[in-house]
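The entry is shown first, and the notes follow by topic.

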Amino acid sequence: MSARETEVMEYIARGYTVARTAEELIVSENTIRTHSKRIYAKLDVHKKQELIDMLKAVEL
């Protein structure tokens, strides 16, 4: 996973919206959507909650 994808994943896990994440990272909303799709595919998750659950499991 790229550094930028990791950064976007952190925003997703914190519950940021696509619009807010794009604003924070100074990129377009479409860029965030593309990163999100790639993150989900690489981690084999299909929903935001699955991603959050997976990250919580890794922390423990």
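A residue counts as exposed over 50% relative accessible area, as buried under 20%, and as partly exposed in between. The model is predicted. With that cut-off, aspartate 44 is exposed, because its relative accessibility is 58%.

**Positive phi**

- Aspartate 44 lies in the loop between α3 and α4 (48–59), and its phi is near 55°, a positive value in a residue other than glycine.
- Isoleucine 26 also has a positive phi, near 55°, and is not a glycine.
- The loop between α2 (18–25) and α3 holds isoleucine 26, which counts as exposed at 73% relative accessibility.

**Packing of α1 and α3**

- Helix α1 (residues 3–13) packs against helix α3 (residues 29–43) at an angle of about 95°, and the axes are 9 Å apart.
- The two helices α1 and α3 are therefore roughly perpendicular to each other.
- From α1, the contact uses Arg4, Glu5, Val8, Met9 and Ile12.
- From α3, the residues in contact include Ile32, His35, Ser36, Arg38 and Ile39, and also Tyr40, Lys42 and Leu43.
- Sorted by class, the contact of α1 with α3 has 7 nonpolar, 4 charged and 2 polar residues.

**Around tyrosine 11**

- The count of aromatic pairs is 1.
- The rings of tyrosine 11 and tyrosine 16 have centres 4.9 Å apart and planes at 90°, so the pair is edge-to-face.
- Tyrosine 11 is buried at 13% relative accessibility, whereas tyrosine 16 is partly exposed at 28%.
- Arginine 14 places its charged end over the ring of tyrosine 11, 5.8 Å from the ring centre.

Notes:
Residues are numbered from 1 along each chain as its sequence is written. This is a predicted model: local features need pLDDT of at least 70, side-chain atom pairs count only at pLDDT 80 or more; totals for chains, interfaces and linings use all residues. Side-chain values use heavy atoms; hydrogens and water are left out. Axes are lines fitted to C-alpha atoms, for helices over the stretch in contact, and angles run from 0 to 180 degrees between N-to-C directions. Helices (H or I, at least four residues) and strands (E, at least two) are DSSP runs, numbered from the N terminus. Angles under 35 degrees count as roughly parallel, over 145 as roughly antiparallel, 65 to 115 as roughly perpendicular and the rest as oblique. Contact means heavy atoms within 4.5 Å. Ala, Val, Leu, Ile, Met, Phe, Trp, Tyr, Cys and Pro count as nonpolar, Asp, Glu, Lys and Arg as charged, and the others, Gly among them, as polar. Rings of Phe, Tyr and Trp (its six-membered ring) pair if their centres lie within 6.5 Å; planes under 30 degrees apart count as stacked, over 60 as edge-to-face and the rest as tilted. Buried means under 20% relative accessible area, exposed over 50%, partly exposed in between (1.4 Å probe, protein chains only). A charge sits over a ring if NZ of Lys or CZ of Arg is within 6 Å of the ring centre and within 35 degrees of the ring normal.
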